[in-house]
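Hi,

Here is the structure I said I would pass on.

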Amino acid sequence: MAQGDIHAADELIKMFYPEILRYCLWHAPNKSLAEDAVQETFLKMIRYFDRYTHKGRFKAFLYRIAANTCIDMQRKSRSADVSLEESGIEPACAEPAFETVHSDMTLKQLVACLPKESREIVLLRYGQELTIREIAEILKLPLGTVQSRLRAALKKLKAEIAPSEMKSARKKKGGLL
């Protein structure tokens with residue numbers, strides 16, 4: 001790899017590391033495995049960079065690598081989801097990528113009731129703040145399919161949340177609702 005390529009790779013890693021780490025945290029049972037997945041993602045990015053043809057879709061290329069890496073990682077270690085307390089992750093870590101871990105874990109628990117393909121769309125849209133078009137490229141799905149799955153997932157989440165909100169409101173009001 002040429003000297004300029006190494007500097008370009010370093011810049012890309014610096015630019016996308018927090019984003020890809022956050023994505024990998026969604027799919028890894030713990031912080032250590034997430035960090036391993038991120039490292040593997042960037043190693044693959046460098047290894048397969050010659051296959052990437054620049055069409056303004058580098059982010060989708062990188063997320064596709066991260067998604068495949070996380071899938072491979074999940075196949076290797078079939079362990080159950082871990083709660084925030086069990087994971088040993090400190091929500092108030094100094095690293096910017098870990099500042100929102102607690103809310104991320106809440107979102108992960110919230111979307112657990114969704115089918116896998118819908119869960120991934122919701123996590124990419126609201127956890128990673130990607131556009132519908134970027135999600136379609138990453139998942140290699142038609143734009144309309146992503147939109148309809150997202151709409152169905154949000155409808156299901158709304159139906160799931162409404163009863164639990166009613167229960168908590170009843171508790172607060174002393175059961176008068």
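Predicted model: local features only at pLDDT ≥ 70, side-chain atom pairs only at ≥ 80, totals over all residues.

Let's start with Gln128, which sits in the loop between helix H6 (116–127) and helix H7 (132–139). Is Gln128 buried or exposed? Its relative accessibility is 6%, and the cut-off for buried is under 20%, so Gln128 counts as buried. The side chain of Gln128 makes a polar contact of 2.8 Å with the side chain of Tyr63. Beyond its neighbours within four places in sequence, Gln128 also touches Glu19, Arg22, Tyr23, Trp26 and Leu123.

H6 and H7 pack with their axes 10 Å apart, at an angle of about 135 degrees, which makes H6 oblique to H7. Their crossing is right-handed. On the H6 side the contact uses Glu120, Ile121, Leu124 and Arg125, and these meet Ile132, Ile135, Ile138 and Leu139 of H7. Sorted by class, that is six nonpolar residues, two charged and no polar ones.

The other pair is helix H2 (residues 31–47) with helix H3 (residues 58–76): their axes come within 9 Å and cross at roughly 130 degrees. H2 and H3 are therefore oblique to each other, and H2 passes H3 in a right-handed crossing. Residues in the contact include Leu33, Ala37 and Phe42 from H2, and Phe61, Leu62 and Ile65 from H3. The contact of H2 with H3 has 11 nonpolar, two polar and three charged residues.

Cheers

Technical notes
Residues numbered from 1 in each chain as written. Heavy atoms only, no water. Helix = DSSP H or I, 4+ residues; strand = E, 2+ residues; numbered from the N terminus. Buried < 20%, exposed > 50% of the residue type's maximum accessible area, 1.4 Å probe, protein only. Polar contact = N/O pair within 3.5 Å; in protein donor to acceptor, adjacent residues only side chain to side chain. Contact = heavy atoms within 4.5 Å. Axes fitted to C-alpha atoms, helices over the stretch in contact; angles between N-to-C directions. Parallel < 35°, antiparallel > 145°, perpendicular 65-115°, else oblique. Left-handed = near helix turned anticlockwise from the far one by under 90°. Nonpolar A, V, L, I, M, F, W, Y, C, P; charged D, E, K, R; others polar.
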